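The sequence and structure come first.

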Amino acid sequence: MNAVSYSLAELAERFQLTPHGNGEQRINGVGTLAGAGASQLTFLSNGKYEAQLAETCAGIVVLREENLAACPSAALIANDPYVAYAKIAALFERLPLAPPGIHVSSVVADSAQVSQSASIGPCCVIEDGAVIEDGAVLGPHCIIGNNCVVGAQSRLVARVTLVTRVTLGKRVLVHPGAVIGSDGFGLAFDHEASSHGGWIKLPQLGGVRIGDDCEIGANTTIDRGTLDDTVLEEDVRLDNQIQIAHNVHVGAHTAMAGCAAVAGSAKIGRYCMIGGNAGVLGHLELTDRVTITAKSLVTSSIREPGEYSSGVPLQPNRSWRKNAARFKHLDEYARRLSALEKDKTHE
Amino acid sequence: MNAVSYSLAELAERFQLTPHGNGEQRINGVGTLAGAGASQLTFLSNGKYEAQLAETCAGIVVLREENLAACPSAALIANDPYVAYAKIAALFERLPLAPPGIHVSSVVADSAQVSQSASIGPCCVIEDGAVIEDGAVLGPHCIIGNNCVVGAQSRLVARVTLVTRVTLGKRVLVHPGAVIGSDGFGLAFDHEASSHGGWIKLPQLGGVRIGDDCEIGANTTIDRGTLDDTVLEEDVRLDNQIQIAHNVHVGAHTAMAGCAAVAGSAKIGRYCMIGGNAGVLGHLELTDRVTITAKSLVTSSIREPGEYSSGVPLQPNRSWRKNAARFKHLDEYARRLSALEKDKTHE
Amino acid sequence: MNAVSYSLAELAERFQLTPHGNGEQRINGVGTLAGAGASQLTFLSNGKYEAQLAETCAGIVVLREENLAACPSAALIANDPYVAYAKIAALFERLPLAPPGIHVSSVVADSAQVSQSASIGPCCVIEDGAVIEDGAVLGPHCIIGNNCVVGAQSRLVARVTLVTRVTLGKRVLVHPGAVIGSDGFGLAFDHEASSHGGWIKLPQLGGVRIGDDCEIGANTTIDRGTLDDTVLEEDVRLDNQIQIAHNVHVGAHTAMAGCAAVAGSAKIGRYCMIGGNAGVLGHLELTDRVTITAKSLVTSSIREPGEYSSGVPLQPNRSWRKNAARFKHLDEYARRLSALEKDKTHE
């Protein structure tokens with residue numbers, strides 16, 4: 001499938017790993033420990049797959065020194081086999097060609113600046129004052145609104161919309177359907193409007209700043225700030241369908257799984273991990289290295305690093321119904337329990 | 001509104017139902033039991049609407065034999081009136097015309113293969129090696145990435161993006177904003193990168209395979225696999241804003257309601273029903289015929305068919321606050337309860 | 001940054017506020033109480049920021065009369081400073097120019113009616129029978145499907161899709177990625193299909209009606225009705241990534257925060273507030289002025305105005321695990337507690 005191949009010796013040198021076995025052993029792809037063939041490389045990182053090592057048919061295995069004895073094939077020894085594997089696997093990623101230049105079907109405003117080394121795919125729209133830096137790649141159907149900047153070597157896979165006042169750093173990767181820089185949800189209720197009052201919209205005058213090496217998932221939305229900017233520091237990683245509200249600040253190296261949501265003006269620290277469909281209420285602060293498990297809701301600020309959770313366990317519906325009904329009386333039960341204890345001490 | 005009409009006799013023959021009443025009775029549309037007029041057809045399936053039957057003004061009612069006596073109009077007798085109604089109602093759906101051919105505003109790579117009977121709407125982009133099979137319809141603004149296949153008679157309503165290595169089966173229906181084949185969210189934390197470490201991206205080398213007769217909702221996202229493919233078997237039905245992560249496998253005839261999410265490498269069985277905004281954690285397995293109620297989180301594999309739930313009931317905020325605060329002490333209460341019981345038995 | 005400026009006297013007259021200080025004092029922008037400079041206007045509405053008032057460097061502060069004494073600068077006195085500020089700040093919003101006319105790259109069906117005062121941006125597609133009324137603005141990449149209507153002065157920021165039979169009122173604002181009028185998720189399970197049965201799709205023959213002054217967030221989805229229409233009354237405000245299923249009816253002035261979801265045929269009252277990622281099950285009714293807090297799930301109809309919640313509080317994972325495990329036995333605990341009490345009364 002892939003004509004390009006690498007020898008054990010080449011990989012060892014390129015990624016500074018210790019080779020074991022025949023340096024001429026070549027691989028032309030990667031696979032799982034169970035599925036890789038003789039011309040593929042795989043890895044062992046998680047202890048629970050150790051039993052599969054003896055049976056692997058892979059040509060090369062990336063592993064820790066302690067697993068070398070059990071390895072039936074050539075090997076590359078790494079401190080962190082998963083990281084080493086990720087770097088090697090990247091050799092086999094075939095990105096679509098992105099020749100420099102602007103596709104004839106795209107519409108570029110006169111005042112926009114597009115680097116000659118940038119690649120602009122079909123049906124893109126680049127508006128007034130936008131800047132596309134060197135080596136940036138815009139796949140089909142991207143919209144770069146007024147005064148937005150796409151940093152050098154960034155890649156917008158397809159159908160990405162930057163609304164206005166959005167700045168992407170270098171090497172930012174944005175997946176299809178993402179919307180960055182849309183209006184924050186800011187409303188004031190005007191009791192004097194019409195008969196019983198109505199909503200007045202607060203203009204969203206800020207922008208969005210996305211740091212270097214961030215990744216933004218498919219159909220994720222990031223609103224621009226009300227007055228100041230919504231900010232993602234460098235190397236923030238957002239999965240699909242995440243919602244980042246206006247004025248949010250996300251610290252460097254924080255990762256969020258699919259469908260997580262952060263409400264307005266919340267401040268998330270560095271190296272945090274936000275689980276899938278977890279939520280953070282507005283105006284809260286999370287310190288660095290906080291992990292929130294899936295579907296949990298953060299309702300007050302977190303000052304201590306660590307792992308936090310909410311929710312109740314899944315059960316068969318019949319027993320869940322009984323327990324859930326009791327939840328409505330939990331306060332009463334606690335009082336009754338205390339009363340019994342008090343009675344007892346008074347006996 | 002609709003010029004086409006059908007007689008009772010025609011419908012009975014076409015859908016193999018037993019007619020009752022004047023075979024010449026004609027209808028030109030469908031409506032609810034309460035709202036349908038004399039030229040419309042309706043149905044009675046759910047017992048709780050039985051009382052409405054006597055009052056209906058509909059020209060024809062699809063119903064079970066046991067309800068025939070109470071029906072004031074012509075009728076069609078069906079074993080499953082809801083299914084029969086669904087088939088009849090489809091006669092009145094007016095899909096946009098989709099003439100064969102490629103709209104002049106679309107951009108098609110030389111190496112793409114587009115069937116002469118396929119219809120490609122305005123502003124589509126079809127990239128290298130893509131295949132559009134017979135009778136497939138692409139509405140406006142669809143992007144078909146490298147090496148993607150759109151199966152025969154499939155319909156992409158509008159603005160659908162297939163990123164790369166995505167294969168749709170026959171008669172697949174995809175709604176606007178869906179993104180299929182985007183990068184899975186695969187990251188390795190490299191402690192040796194920069195000063196305090198950073199994320200390394202794992203290339204996502206697999207694809208997505210969608211079976212025949214699947215339906216994918218608006219703004220739903222389905223990531224491609226890391227090494228193998230993300231798979232939906234035939235007749236899987238996904239509502240809007242669903243997130244399917246990389247390497248997930250969904251069994252045939254499974255349906256998921258809006259905003260459900262399935263994390264990486266989870267395996268969902270056949271004939272499952274996943275409720276709205278429910279979640280399934282990564283690497284779990286759900287056997288066939290499992291139902292998960294809305295907003296529940298599945299945190300371990302499920303081996304037995306049946307209905308499962310998590311969550312606590314909604315309450316007025318004031319009482320909810322009291323009960324929720326007690327939840328933090330539930331373990332302590334259980335211990336205190338046991339202690340009281342132990343004391344009692346020792347008395 | 002912004003050349004346009006306004007004097008205290010001008011603002012007082014325009015917005016019918018009471019000025020205090022030098023009527024010639026001019027501002028050319030807005031900012032926060034803490035961040036605004038001498039040429040900017042700010043506001044004090046929330047009591048917890050009162051302490052910042054004395055230190056503000058803003059040129060003008062909008063505030064209540066009771067705070068005037070502590071204000072170091074010129075002031076505008078308002079009954080509701082937040083509402084007054086919102087109106088003033090709107091003076092500084094710079095929307096992209098939207099000249100009347102149809103961009104040459106757009107595709108407009110012969111039978112569509114586009115007002116001469118409407119602005120149609122690049123790469124739009126306007127299908128048969130669609131109507132674009134006076135002063136409406138379509139940003140790039142909008143798709144207006146068959147028989148859809150975009151009301152006067154409405155603005156579709158970019159990449160908005162109206163599928164079919166969607167009517168937007170006047171001054172409706174829709175953000176990028178929104179999909180309105182997609183198929184509702186209506187399925188009947190046909191036990192007689194193929195070997196073990198399969199899904200039959202119910203055609204979605206209704207439409208969507210959106211009232212005047214509504215706002216629809218980025219990547220929000222609103223399905224069209226099965227027979228009747230899905231309806232949003234006037235001044236409904238939806239944040240990003242909200243899911244509104246078929247046949248839902250939302251009352252006027254109701255607001256929903258990001259990632260909320262409403263299942264099919266639910267009826268939400270007027271002046272309701274639905275929190276972020278909250279959910280409402282199908283066929284329920286919520287009366288007027290109901291507030292649902294974030295991530296809560298509504299599982300039965302609500303007849304009384306007020307605030308409602310579900311969920312359990314976030315905790316450190318270790319203690320959460322202990323408490324959550326006990327939840328599975330809550331019914332048992334309640335019975336044991338009652339038994340102890342009964343024993344006691346029999347002593």
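## Salt-bridge network

A network of salt bridges links Asp183(A), Lys201(A), Arg224(A), Glu215(C), Asp235(C) and Arg237(C). A salt bridge here is a side-chain nitrogen of Lys or Arg within 4 Å of a carboxyl oxygen of Asp or Glu. Over all chains the count is 45 salt bridges.

This is a predicted model, in which local features need pLDDT of at least 70, side-chain atom pairs count only at pLDDT 80 or more, and totals for chains, interfaces and linings use all residues; side-chain values use heavy atoms, with hydrogens and water left out. Residues are numbered from 1 along each chain as its sequence is written, while chains are lettered from A and ligands numbered from 1 in the order in which they are written.

Helices (H or I, at least four residues) and strands (E, at least two) are DSSP runs, numbered from the N terminus. Both Arg224(A) and Asp183(A) are buried; buried means under 20% relative accessible area, exposed over 50%, and partly exposed in between (1.4 Å probe, protein chains only).

Glu233(A) and Arg270(A) also meet in a salt bridge, at 3.7 Å, N to O. This pair links distant parts of the chain, 37 residues apart: Glu233(A) is in the loop between strand 27 and strand 28 of chain A, and Arg270(A) is in the loop between strand 33 (267–268) and strand 34 (273–274) of chain A. Glu233(A) is partly exposed at 22% relative accessible area, and Arg270(A) is partly exposed at 31%.

## Symmetry

Chain A superposes on chain B by a rotation of 120° with 0.0 Å of shift along its axis, at an RMSD of 0.1 Å. That is the relation of a three-fold axis. Chain A can be laid on chain C by a turn of 120° and a shift of 0.0 Å along the axis, with an RMSD of 0.1 Å. The superposition is by least squares on the C-alpha atoms of residues with pLDDT of at least 70 in both copies.

## Interface of chains A and B

Here 70 residues of chain A are in contact with 76 residues of chain B, contact meaning heavy atoms within 4.5 Å. The buried area is about 6,000 Å², of which carbon and sulfur atoms give 63%; buried area is the accessible area (1.4 Å probe) that two parts lose on being put together, summed over both. Arg159(A), Leu314(A) and Phe327(A) supply 12% of the area that chain A buries against chain B, more than any other three residues.

Five salt bridges are counted between chain A and chain B. One of them joins Arg326(B) to Asp331(A), with the closest N and O atoms 2.7 Å apart. Helix 5 of chain A gives the most to the side of chain A that touches chain B, with nine residues. Another salt bridge pairs Asp343(B) with Lys344(A) at 3.6 Å; the pair crosses from helix 5 (residues 330–346) of chain B to helix 5 of chain A. Asp343(B) is partly exposed at 33% relative accessibility, as is Lys344(A) at 30%.

## Interface of chains A and C

The contact takes 75 residues from chain A and 69 residues from chain C. Chain A and chain C bury about 6,000 Å² between them, 63% of it on carbon and sulfur atoms. The count is five salt bridges, and Glu341(C) and Arg336(A) form a salt bridge at 2.7 Å, N to O.

Asn219(C) is in the loop between strand 25 (215–216) and strand 26 (221–223) of chain C and is buried at 1% relative accessibility. Leaving aside neighbours within four places in sequence, Asn219(C) is in contact with residues including Asn219(A), Asn219(B) and Arg159(C).

## Cysteines

The count is zero disulfides over all chains, a disulfide being a pair of cysteine sulfur atoms within 2.5 Å. For Cys57(B), the nearest cysteine sulfur is that of Cys71(B), 12 Å away; Cys57(B) is exposed at 54% relative accessibility. The sulfur of Cys124(C) is 4.7 Å from the closest cysteine sulfur, in Cys142(C), too far for a bond. Cys124(C) is buried, with a relative accessible area of 0%.
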